[in-house]
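Visitor: Please take me through this model, starting with how its helices cross.

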Amino acid sequence: MNEQGTVGTGHEHEQLGLSNGQVIDMYRYMLLARKFDERNLLLQRAGKINFHVSGVGQETAQVAAAFALDREKDYFLPYYRDYAFVLSVGMTARELMLSAFAKAEDPNSGGRQMPGHFGSKRLRIVTGSSPVTTQVPHAVGVALAAKMRKQEHVSFVTFGEGSSNQGDFHEGCNFAGVHKLPVIFMCENNQYAISVPLHKQISGKVSDRALGYGFPGIRVDGNDTLAVYKAVKEARERAIRGEGPTLIEAMMYRLSPHSTSDNDLAYRTKEEIEENWKKDGIARFKTYLINCGIWDEAKDADLLEQVSLEIKDATESADKAPYPKPEDTLLHVYADDRKEGETTWQ
């Protein structure tokens, strides 16, 4: 894909070191996240789950970023729309469904938190908090630890453009810039902070704010898979070389309401939404794969069937799973001082 964001006809992914198998795998994760989102919206409308925050329209950048990072070493601090990202780094559709249904087996919080509060020690996904942007200084702390221990990994943190107005964002960027920490900040600029449009939030670009903290800021088309992959890959290489952080502003559009509690037509038009559906990154990447000669409609239909079945199985399994027990309310909240055989807290 070229700088104007049009669909490429060559094998640009090979120039970036990506194999045909890898880009097809990227496309699979995009579809999986999209189908997960669609199923959750239906579940909420049917009264099966209480709440859902959609990531529709943001999957392309999330998957691209995940593939550009070291999924065996790096630490991840995603924000609440990053279903495609956490799926790409190793969470399963069933695990995310367990969270949506607030079941006891939910690996994020044991069914205690709202969906979108991701956390996995196994996958180095650092648990997020409900107040927006608090994950930014946490990511900087992880990067500081890496530098002090001389470990070759980076911390990768995402947030919305509305969050970039919070003090936590600026404090995190300042500290990371001063100490040249191996952290990548990625703003998923989806044009709306709930109902507030971009032009009423920010004067200029989010990416330009990096200049005030002494490190590069880059704006990319968030619907262009390979552009995001390249930006994150280069930012990681820079961080590993000891050159410090990078701020990436991925421009995209939130194609769904802010959440299932939101009526987005109260602040934007159907025409605006329909126009942005034409720019959907998943459709663009599918066209790119077809133009490369490594994909076709028959393969696409087969993959869509596989992904839909995976979401169906995950939903049914999570629906049948048990809810947390009242007596387990404090599990994982305080240190466990129980002796072997004891069942009550001391």
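Visitor: Is the crossing of H2 and H11 left-handed or right-handed?

Guide: The crossing of H2 and H11 is right-handed, meaning that the near helix is turned clockwise from the far one by less than a right angle. Helices here are DSSP runs of H or I with at least four residues, strands are E runs of at least two, and both are numbered from the N terminus. The model is predicted, with local features needing pLDDT of at least 70 and side-chain atom pairs counting only at pLDDT 80 or more, while totals for chains, interfaces and linings use all residues. Residues are numbered from 1 along each chain as its sequence is written, and side-chain values use heavy atoms, leaving out hydrogens and water.

Visitor: At what angle do H2 and H11 pack?

Guide: H2 and helix H11 (residues 297-320) pack at about 45 degrees, and their axes are 9 Å apart. Axes are lines fitted to C-alpha atoms, for helices over the stretch in contact, and angles between N-to-C directions run from 0 to 180 degrees. H2 is therefore oblique to H11; under 35 degrees is roughly parallel, over 145 roughly antiparallel, 65 to 115 roughly perpendicular, and the rest oblique.

Visitor: Which residues of H2 and H11 meet?

Guide: On the H2 side they include Tyr27, Leu31, Phe36 and Leu43, and on the H11 side Leu303, Val307, Ile311 and Thr315 are among them. Contact means heavy atoms within 4.5 Å. By class, the contact of H2 with H11 has 9 nonpolar, 2 polar and 6 charged residues. Nonpolar covers Ala, Val, Leu, Ile, Met, Phe, Trp, Tyr, Cys and Pro, charged covers Asp, Glu, Lys and Arg, and the others, Gly among them, are polar.

Visitor: And H3, at what angle does H2 pack with it?

Guide: Helix H2 (residues 20-45) and helix H3 (residues 59-68) pack at about 135 degrees, with axes 9 Å apart. H2 and H3 are therefore oblique to each other, and H2 passes H3 in a right-handed crossing. Among the contact residues are Met26, Tyr29 and Ala33 of H2, together with Val63, Ala64 and Phe67 of H3. The contact of H2 with H3 comprises 7 nonpolar, 2 polar and 3 charged residues.

Visitor: How about H5 and H11, how far apart are those axes?

Guide: The axes of helix H5 (residues 93-100) and H11 come within 8 Å and cross at roughly 45 degrees. The H5 residues in the contact are Ala93, Arg94, Met97 and Leu98, and those of H11 include Ile311, Ala314 and Ala318.

Visitor: What does Phe156 touch?

Guide: Its partners include Leu69, Phe76, Phe85, Met186 and Val232, leaving aside residues up to four places away in sequence.

Visitor: Is Cys187 buried or exposed?

Guide: Cys187 is buried, at a relative accessible area of 0%; buried means under 20%, exposed over 50%, and partly exposed in between, with a 1.4 Å probe and protein chains only. Cys187 lies in strand S3, and among the residues it touches are Phe159, Val206 and Ile248.

Visitor: Where is Ala139?

Guide: Ala139 is in helix H6 (residues 135-148), and it counts as buried at 0% relative accessibility. Ala139 touches Leu77, Ser155, Val157 and Val183, not counting residues up to four places away in sequence. Its C-alpha atom is 8.2 Å from that of Gly172, 33 residues apart along the chain.

Visitor: Which phi value does Gln191 have?

Guide: Gln191 has a positive phi of about 80 degrees, although it is not a glycine. Gln191 is in the loop between strand S3 (183-189) and strand S4 (192-193). Ile194 also has a positive phi, near 55 degrees, and Ile194 is partly exposed, with a relative accessible area of 45%.
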